[in-house]
Amino acid sequence: MGGLRLFLLAAIVVSVSGCARVSGVWDRVRGDQSEPVVEETAPLDATSTVEEQPAAVITPAGQSADAFDTTTEEELLAATAPPEVSSGLRELGRTIASLGDPTVPGFWAETGLVTQAQEGRLTYPESGKSVTVELRPSGADPSAGSRVSLAAFRALEAPLTDLPELIVLAR
């Protein structure tokens, strides 16, 4: 009878100690991440302040905005070049922008201000920056806000975690 008690006690101890491991596996299966992965930034040097250091933007998978933005220097220069004076751009309206799918490359904005895809321009008054984008219809009401590509957000120097108001221009 003593052997049976010892066996049962050992089985209970093994079962309970395995719960923590199983719970961790279950969290990974469900996709839960208890702690986000933080990418390291360059350390402060003696001449710079915290405000001058770039903020690390952390995604749920632990990848930074730099990892998602595949824009080349040439593409950025072309998109941020000032429009020609005779470009005929007119303001379609203002929109509250949120960050669109960061895995979709390019300079684009999904907005209810257009009904068909067309070339346009976004301006962020706070930074004074402007960028040429493909305006894509979102199918939403014009006042519903817009989703903007990561590359466009960065070119406008708009905070990725804010909801900035942008001016939308098109021909």
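Q: Which residues does Phe-107 touch, not counting residues up to four places away in sequence?
A: Contact here means heavy atoms within 4.5 Å. Leaving out residues up to four places away, the partners of Phe-107 are Thr-71, Glu-75, Leu-76, Ala-79, Val-131, Thr-132, Val-133, Glu-134, Ser-149, Ala-151, Ala-152 and Ala-155.

Q: Which pLDDT do local features need in this model?
A: Residues are numbered from 1 along each chain as its sequence is written, and side-chain values use heavy atoms, with hydrogens and water left out. This is a predicted model, in which totals for chains, interfaces and linings use all residues, side-chain atom pairs count only at pLDDT 80 or more, and local features need pLDDT of at least 70.

Q: Which residues touch the most other members of the largest nonpolar core?
A: A nonpolar core is a set of buried Ala, Val, Leu, Ile, Met, Phe, Trp, Tyr and Cys residues joined through side-chain atoms within 4.5 Å. Buried means under 20% relative accessible area, exposed means over 50%, and partly exposed lies in between (1.4 Å probe, protein chains only). The largest core has 24 residues, and those touching the most other members are Phe-107, Leu-122, Val-131, Val-133, Leu-135 and Val-148.

Q: Which element gives the most to this core?
A: Helices (H or I, at least four residues) and strands (E, at least two) are DSSP runs, numbered from the N terminus. At least two core residues come from each of β3 (118-124), β4 (129-137), α4 (150-155) and β6 (165-170). With five residues, the element that gives the most is α4.

Q: Is Thr-111 buried or exposed?
A: Thr-111 sits in strand β2 (residues 108-111), and its side chain reaches the backbone nitrogen of Leu-113 at 3.1 Å. Beyond neighbours within four places in sequence, Thr-111 also contacts Leu-135, Arg-136, Pro-137, Ser-138 and Ser-146. Its relative accessible area is 1%, so Thr-111 is buried.

Q: Why is β6 largely enclosed by the rest of the structure?
A: Let's look at how its residues are placed. The strand β6 is largely enclosed because, of its six residues, the number buried is five.

Q: Which residues are joined with Arg-94 into one salt-bridge network?
A: A salt bridge is a side-chain nitrogen of Lys or Arg within 4 Å of a carboxyl oxygen of Asp or Glu. Arg-94 meets Glu-91 in one (3.9 Å, N to O) and Glu-165 in another, with the closest N and O atoms 3.6 Å apart. Glu-165 lies in β6 and Arg-94 in β1, so this pair ties together parts that are 71 residues apart in sequence. Through shared partners, Arg-94 is joined into one network with Glu-91 and Glu-165.

Q: How many residues apart in sequence are the parts tied together by Arg-147 and Glu-110?
A: These two form a salt bridge, their closest N and O atoms being 2.7 Å apart. Arg-147 lies in strand β5 (residues 146-148) and Glu-110 in strand β2, so the distance in sequence between the parts they tie together is 37 residues.

Conventions:
Polar contact = N/O pair within 3.5 Å; in protein donor to acceptor, adjacent residues only side chain to side chain.
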